[in-house]
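User: Hello! I am new to this structure and would like to understand the words used for it. Could you walk me through them?

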Amino acid sequence: MRIRAARTFIVEPNLPGPLEPLRKLSRNLYWTWNTDAAALFERIDRELWRETDHNPVRLLQLVRQERLHELAEDEGFLEHQRRVAAALEAYLGRAPLLEVEGLEPGDVIAYFSLEFALAECLPNYSGGLGVLAGDHLKSASDLGLPLVGVGLFYHQGYFRQEISPDGWQQEVYLDLDPAALPMAHVVDASGRPVEVAVPFDGREVWAQAWRIDVGKTPLYVLTTNIERNPPADREITARLYGGDNEMRIQQEMVLGIGGVRLLQALGIEPAVCHMNEGHSALLGIERIRAAMERFGASFAEARLPVTGATVFTTHTAVAAGIDLFPPDLLRRYLGHYWARLGLDDRAFLDLGRTRPGDDGEPFSMAVLGLNLSGYRNGVSQLHRGVSRRLWESAWPNLPHDSIPIDAITNGVHLPTWVSHEMGELFDRYVGPAWRDDPASANWAAVYDIPDEELWRVHERQRQQLVLRARQQYTEDMLRRGLPANEPGGGPVLDPEVLTIGFARRFAGYKRATLLFRDLERLARILDDFERPVQVLFAGKAHPRDDGAKALIREVVQVSRSPEFRGRLVLLERYDVELGRLLVAGSDAWLNTPLRPLEASGTSGMKACANGVLHLSVLDGWWWEAYRPGTGWAIGRNRVDDDPEAQDAFDAESLYGLLEGEVAPLFYERDGQGIPREWVRRMKETIVTYAAQFSTSRMVSDYARRAYGPAASAWHALRAENLGRARELAAWLERVRAGWDAVKVYAVEDDGSELRPADAPVTVRVQLYPGPLQPEDLRVDIVYGQTDARRELRIEAEAPLQFAGQQEDRLCRYEGSFRPGSGGRVGFAVRVMPQHPHLPGVICTGLAHWA
């Protein structure tokens with residue numbers, strides 16, 4: 001028989017007076033990137049710190065009272081505590097490091113994401129998307145950007161990974177108690193928990209808010225696991241990426257609609273909302289609804305300021321990675337909602353379709369995000385092109401190069417991912433600026449670090465990684481009921497051997513088993529007597545991705561073969577802490593995605609910041625980052641039509657690099673045992689990549705290129721009771737109605753086939769404006785290099801000037817451009833709508849081409 005408590009209480013730990021600062025320190029995730037703060041909590045009870053998954057709140061709840069009294073009289077500990085507490089107060093009180101044109105005093109940016117990776121004790125993440133989101137919040141805090149995060153709290157989190165004796169991944173879900181985590185109830189003025197209602201299919205679902213402090217950045221997370229909801233609704237936020245399509249749309253309604261309502265309940269009206277993928281796209285609809293009610297506006301009028309003030313980031317490179325919902329499911333859950341917006345089925349469903357009016361096309365949350373945002377971006381330079389191809393049908397009148405999807409390459413939060421020892425080395429030589437403002441740090445000073453010192457620090461990192469791998473192997477064998485000292489069964493890893501790390505989410509396109517294409521050759525490489533190699537794998541597969549689970553099982557089975565035992569190991573229970581050890585302790589970081597399916601990838605960035613050399617296919621961030629003399633490029637800079645041929649070529653390239661370059665370079669030592677050329681490459685790697693691929697740079701890019709312009713549009717379009725938005729909405733309606741009647745009748749130039757590069761080309765255009773006025777239209781020359789088929793690569797543009805209108809209403813435009821380069825150059829004429837009050841972040845998608 002199980003007995004439920006009639007009532008529960010949250011009992012705060014009874015800290016002795018001298019230890020009271022620990023209460024505040026435990027509640028702010030500053031300790032996740034301040035290694036001195038983490039060391040303070042580890043000092044309280046090393047084993048308990050590990051058992052609680054590095055959770056200081058739970059640590060203080062469980063530690064023996066006698067131990068606390070001991071620490072209260074320990075001057076060494078108290079001095080350590082004073083140092084950490086002073087560092088936190090100085091950090092929280094520091095002036096902003098970043099000024100953003102367009103942001104006004106009091107403006108807030110709201111960053112929405114379905115997952116956030118912040119600490120291993122908060123398993124609210126599955127992989128790179130969540131890690132990126134967590135690092136985004138941390139760098140926003142470092143820079144002093146007025147940003148708040150919005151997400152969900154999953155009371156069973158994401159699964160804990162265990163590997164069965166046959167190598168199959170098993171998912172274990174643990175109930176998480178918010179009272180034992182570094183988070184706090186959000187309460188109103190009367191002390192009651194803040195709750196918001198989300199309208200579902202004929203009912204309301206209630207969500208309660210919790211706050212997580214990430215330095216200076218608050219993260220608000222919603223949970224439906226509260227008493228006032230029926231049991232089924234309490235399970236909506238039980239698991240990240242759990243359930244079916246219906247559960248997914250329920251979660252996305254709580255995140256998008258509930259998240260906006262939560263901010264409103266807290267008195268926060270964000271000037272900018274940032275959608276981290278399409279999961280939160282419904283926030284745009286909710287903001288429009290709120291503006292319609294507040295200003296008495298139509299959907300079209302309220303849509304303009306919301307669209308202009310929204311940023312959308314896509315992380316996928318394949319259509320299969322997009323949330324798609326059948327129209328009937330949308331009608332069931334949102335039909336009543338869009339009726340309040342004055343929209344019918346077709347008008348709403350078309351917001352999530354690339355082909356409006358096509359009832360056979362499912363509803364895409366990513367397309368909704370694209371349609372309700374003014375700034376859109378991929379997460380690497382290569383991914384911008386991939387995204388434009390993926391979504392080109394949404395802008396049928398624009399050529400590939402003009403599709404309004406920009407690129408802001410991902411980064412990593414350096415203080416989180418750089419190891420404690422390497423961080424201390426940077427403090428001594430680079431200076432403390434590398435932590436909070438890496439762009440201003442003197443990274444060239446890395447070259448001044450003595451080779452011996454840098455190498456010894458790295459060797460200690462590798463030793464710690466090997467120690468953790470051995471310890472985890474023993475624990476896993478005991479968990480399975482097998483002897484830990486099984487003959488020949490243990491990963492007899494060697495802390496002196498070249499160690500290659502491969503850790504990321506397991507998915508087919510990431511090709512974790514590319515290394516196994518020729519097992520005989522791989523065995524020779526790993527077991528080379530003079531230059532041995534060992535490989536550490538880690539990563540989780542999605543619970544419903546059996547293909548990815550089969551890849552994990554293949555890694556496990558290969559690792560158990562006699563020729564690979566002790567040289568190839570899969571480390572289970574992959575989490576933030578294990579990830580930190582891997583990116584710091586590996587010598588080379590392996591990345592083998594099938595081009596061009598890796599949108600960005602950030603694990604290699606973390607490794608490079610620690611001086612680990614990158615060994616990767618030219619995909620994602622490495623395509624733009626790779627420089628000879630740092631890491632290595634696997635394969636070639638092209639995409640094969642046949643994936644099998646690409647696998648064969650890349651595997652051959654990988655084996656050749658390992659045999660001919662990587663291993664020989666690692667083992668080429670001088671009389672002091674130092675691999676001088678390897679260390680030189682380590683320094684080059686840190687200097688070249690650490691600051692450039694940090695989230696400090698990334699968030700600064702978002703602030704200047706996306707948040708500032710979005711906030712400017714928000715303020716301009718909402719002024720005078722939405723006066724400018726109403727004017728623009730009426731203008732857009734008139735332009736769209738008359739656009740098909742606009743015709744370009746003639747394009748003339750000065751006719752010279754051969755000309756000097758600096759000679760201007762004069763162009764004259766005649767067009768019929770239909771029912772529109774000349775001031776409604778902008779006519780440009782776009783020009784650049786062309787190929788033999790006359791296909792134009794747009795490199796620049798020049799406006800044509802209105803030169804008059806004839807009695808038959810034909811309009812004349814004239815202008816010129818200078819090609820500026822040799823070879824075959826071409827131009828085209830583009831006609832687009834223009835309005836003096838139309839913000840640059842609003843793309844109408846309308847264009848005519850001569």
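**Terms and values**

Analyst: Pro596 lies in the loop between E18 and helix H23 (603-609); helices (H or I, at least four residues) and strands (E, at least two) are DSSP runs, numbered from the N terminus. The peptide bond from Arg595 to Pro596 is cis, with omega near -5°. This is a predicted model, where local features need pLDDT of at least 70 and side-chain atom pairs count only at pLDDT 80 or more, while totals for chains, interfaces and linings use all residues. Residues are numbered from 1 along each chain as its sequence is written, and side-chain values use heavy atoms, with hydrogens and water left out.

User: Why does Asp53 count as partly exposed?

Analyst: Buried means under 20% relative accessible area, exposed over 50%, and partly exposed in between (1.4 Å probe, protein chains only). Asp53 has 33% relative accessibility, so Asp53 counts as partly exposed. Asp53 sits in the loop between helix H3 (46-51) and helix H4 (56-62), and its phi is near 55°, a positive value in a residue other than glycine.

User: What makes Asn721 partly exposed?

Analyst: The relative accessible area of Asn721 is 43%, so Asn721 is partly exposed as well. Asn721 belongs to helix H27 (residues 695-738) and has a positive phi of about 60° although it is not a glycine.

User: What span is expected for H6 at 1.5 Å a residue?

Analyst: The expected span is 1.5 Å times one less than the number of residues. Helix H6 (residues 75-92) has 18 residues, and its reach of 26 Å from first C-alpha to last is close to the 26 Å expected.

User: Which residues of H6 are buried, and why are they on the same side?

Analyst: Phe77, Leu78, His80, Gln81, Val84, Ala85, Leu88 and Tyr91 are buried in H6. They cover an arc of only 160° around the axis (taken from the directions from the helix axis to the C-beta atoms), which puts them on the same side of H6. The face turned away from that buried side carries the exposed residues Glu75 and Ala90.
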